[in-house]
Structures are given as C-alpha cells and as structure tokens.
Amino acid sequence: MSNPLIEAKTLCRDFKLPRTAISGARPVRHAVADLDLKIEVGDRLGVVGESGSGKTTLAKLLLNLDKPTSGSITFKGQKLSLSDMAIFRREVQIIFQDPRSSLDPRMTVEQIILEPLECLDFQQNHQSRIEQVLQQVELDPTIWLRYPHELSGGQRQRVAIARALATQPSVLIADEPVSALDVLVREEILQLLSGLIESLNLTLVLISHDLSVISRLCEKVVVMRDGRIIESGTTQDVFRTPQHQFTQHLIASVPRLPTIK
Amino acid sequence: MKFLEVNNLTVSFGNKVVVDNASFELAAGERLGIIGESGSGKTMIALAVIGLLPDSATATGSIRLAGEELLTLNDQQMSARRGNQLAMVFQEPLTALNPLMRVGKQIAQPLRNHKKLSRNAGLARAIALCTAVGLPDPEHIVRAYPHQLSGGQRQRIGLAIAIACSPKLLIVDEPTTALDVSVQKEVLKTINDLVQQQGTSLVFISHDLPVVSTMSENIAVMRNGEIVEQANISALFNNPHHEYSKKLVDLARATENKFNRFTIGSTA
C-alpha cells in the first residue's frame, strides 16, 4: 500500500503559559494533543472547530512552519529534513485568512508572486509563470504594478491565491480563506477556489469555522475541539448524522433563514 | 410621529460622501436591520445617530429621537442622552472596552453618570446586569479585566453596558463577527430577549443576511452609502426590488439549500 501524502502521528504541540506562581513548572496549554491524521492524494479535507480548538496550530504544523512538541509528520512517507524544505514548500502552499496582513504592503503584485518563485528555485520562466497564474485567478494583467492597498478585498485574496499557486503546488492549505470577505465576494472566491482545485487536481486542507464553506469544498471533514479530533468522516455523514454532541451543537448553531411565508 | 426618524441624512468626509441621503423610521419596540458590505456606510449611520462621528465628518439632514432633533445638540447635551436614552454595542468588544478598568466598574459607569447611583449601588446593579445578559458567576466576573474574558463574555459585557440605563433605542453594530457560530447564536438570542422584555427599539447592523433576518422585522439594504431598498422581511425575500438585494437573497437561499443538502439531504 502506498504511503499517505501527509501523515501525522500522535502529534502534540504545547504552549507554555505565563507563570502563575513563583515556583513550580509553568502551566501548559495543549493546542494540539495526540492527533492522528492522514491526508491522501486528492483529498479535500475540512477542519472545523471553534476558535482556540487548535485548527491554525495544526495548519502550521502541517506546513512545517512550527515544530511539534512530540509526535511526527511525514510527507510522502518521509520525514522532512532541512535540505528537502524547498521541494516541500513548492509542493505545499498556504492561503491565509486576511490578505491585508498576509501580503507585504511594500511589494507590488508582481514582486509578491515572484518571491516564492525565486526563493524556492522554480525552474520555469518566472515572468510567464506570473502571467499564467494571474490568469488562473482571473485577475487582469494590468494589476502587475499595483500595491495591495490599491486592490479590493476580493482582488487581494486572488493575489494571495496566485502566490500560493505560483510554484505549482500539489497541496493547498487554506486557513479561513473567505471569512474576511463580504458575502458576494466570498461567493466569487469560493467558486474560483472550487474551480482551481478541480482543474489543477489539488489536495486541499481547508480550515474554517463556517460549516457551509466546508460543505461547499470538502468531501471529508474532521471536527476539532481542545486540540483533539472528536469526529471525522465524509462531510455528508458528519453533517447529516453527527455523532458527537459538540458537532451536533455546531451544526445547530449555523444561522438559518427564517421561514418566509 | 415615529420613535426614531432619520431624514435625508448625509455624512461626508470632505468631498467623500459616505452616507448619501439616507432616510428611515423606526417605531417604538420595532427592530430594524441594516445590511450592506464593508464600506457601505452602515456604521457611519449608527455613529451619526449616537453622535460619535469622527470630528472630520460632517452630517447634514435630520435625526429625530422621540421628536427631538439630535444633530443640532452639542457634545454635552448628546453625552447626557448617550447611554441613557440611546446606546450602542460595538463590533469589537476588545477595543470598545477599557483594558485598564474592571468590567464591573465599566458597566456601572453609565449608571453612576446618568442615574447618579453610588459606587456600591452601581456595582450591585452591574452584577444584576451580568446575570441579565447571561454571564455565569457575575460576582466574580465584575472583578475581571476585559483580557481575562472570552470573546463571547466580552460582547456580553458590551451589551450590559449598553442596556445599563434601559435605553429606549439600542444600536448594535456587527456584534458577532468576532465570535464563533455557537456563541453567536447565544449572544443574538440574549439581545433579542432583552429587547423584547424591555420594549427597546433595535437597530441591528450586519453584513450577514441570515443573521439580520433573525434580528429584525424590517431591513434596509445599503450600498455605496445609499439605502437602496427598505422592506419587511417577507417582502424582501419574496420580491426583492433592487439588483443588489436580489443577489443577497439569492445567495443566502442558495447557500442554505446547499447546506441543507448536506445536513438533511433535501433542498426544501
């Protein structure tokens, strides 16, 4: 049997909290605790949970932006070494929640998208790749020389997506990619993302507290609470027949339209 | 005469008009939702009504609360009404609360100012208000600082401050955007219950149609500083006039249907 694309085994990430007493050990918060997760090629996995449940910490661990306190993460069956990092980064990319803070305000769109291509030693022609990727996110090529503050919220998030796709990754990790956007723009970006995932055959890990976003893009879902996965399965099964009380509570809390006569 | 009458309200910063000729009315005890995207002028309307527009803004037109014109009042007169007759709950409780003051004292502040309560009476009332907004263990919570509370608890403190003097008009600006969905539902229910108990008029501002529609009878749709449509909920959903409202309604319906397909397996 082939290895899963990304596999996490008994993953833990503890954060030490400030001292509460002069002596004794510092209290610890288990942001991610004993978490096992397998991501296969082509998976579209949703991660849901409330704020503070460890979703973003998990994303950072999967991206190797943070080191686990214990446990391991393998990529294609291999533990990552520093020398493989450029390959890994080309393969696994991220979109953050708020493009206003994830895009450097002093860089033009061109520079923003060029950066990963240069840093990660992308082999093809950089200029034509920028052109290509801007086309993929349906942005007009004339915005090359603009700065993030000259763009609308939707355009900014498109640039963030273009940057993530620049090195032709196979895995996309998206941390609340639409929650900072207005509803109509959110819909556009969701459609764009879903089309790109389909056409580029991306493996997706989508982190969101919004269950309707998850149900749009993901076939599988894990529900996190206090750093643990409390329920997992296909999105349909989990949403239709939630087993865990917390999952039932989450689903019941989604704002619904009133019945209109 | 309606309880709140806003006529031809225009708010501008220099040449830039952020609220363009907005008019709406609100009867006593009625709930009005204002919906629109970021930058559409929703918050500016709220700030104009409560008299907290930045100094660089100019407001023209008329805002009458119970027959009294608010736009021509000076700062001192407005302060006497703010927190007393009308009050506001802000979007981000962490920035709206004073980080250096225990929350009990912050809740008691409007009571001490407007109702001239003593310190002890103010604190006792603060504890009662914490209970009213559904905070557990109010005797301890009033001694906490804002950073020691969770997002939902902070927003409840913001609500307690706003309702402390039983205002006749409550303006709530995106109160739950910073909160988790499950907490959002509880906070919204608390607001609804309080408004109903006290017969308060409510202006509820949000960008989220499903949320607004649970919080109001009438909805004003804003776009680029203009109120493009005003209707009661069933009219808005059944027969939206403006193109933008139609988009919002269609999208909300489609999202709901897609989600239903997952949760109950039907597209009712």
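Chain B of this predicted model has an open sheet of four strands, in the order β2-β1-β4-β5, with antiparallel pairing. The edge positions go to β2, residues 16–26, and β5, residues 68–69; each has a single partner strand, so one side of each is left without a neighbour in the sheet.

Strand β4 of chain B, residues 57–65, is joined to β5(B) by two bridges, and the two run antiparallel. In that pairing, B:Arg64 sits opposite B:Glu69 of β5(B).

Next, what lies across the sheet strands. Helix α1 of chain B, residues 42–50, lies across β1, β2 and β4 of that chain. Relative to β1(B), residues 4–13, the helix runs at about 115°.

Now the interface. The size of an interface is often given as the accessible area lost when the parts come together. For chain A and chain B, the buried area is about 2900 Å², and carbon and sulfur atoms give 62% of it. Chain A puts 28 residues into the contact and chain B puts in 35.

How many salt bridges are there between chain A and chain B? The count is one. It is formed by the side chains of A:Arg256 and B:Glu256, at 3.4 Å, N to O.

The largest share, five residues, comes from α10(A). By class, this side of chain A has 12 nonpolar, eight polar and eight charged residues.

Technical notes
Residues numbered from 1 in each chain as written. Chains lettered and ligands numbered in written order. Predicted model: local features only at pLDDT ≥ 70, side-chain atom pairs only at ≥ 80, totals over all residues. Heavy atoms only, no water. Pairing = 2+ DSSP bridges. Contact = heavy atoms within 4.5 Å. Axes fitted to C-alpha atoms, helices over the stretch in contact; angles between N-to-C directions. Buried area = accessible area lost by both parts, 1.4 Å probe. Salt bridge = Lys/Arg side-chain N within 4 Å of Asp/Glu carboxyl O. Nonpolar A, V, L, I, M, F, W, Y, C, P; charged D, E, K, R; others polar.
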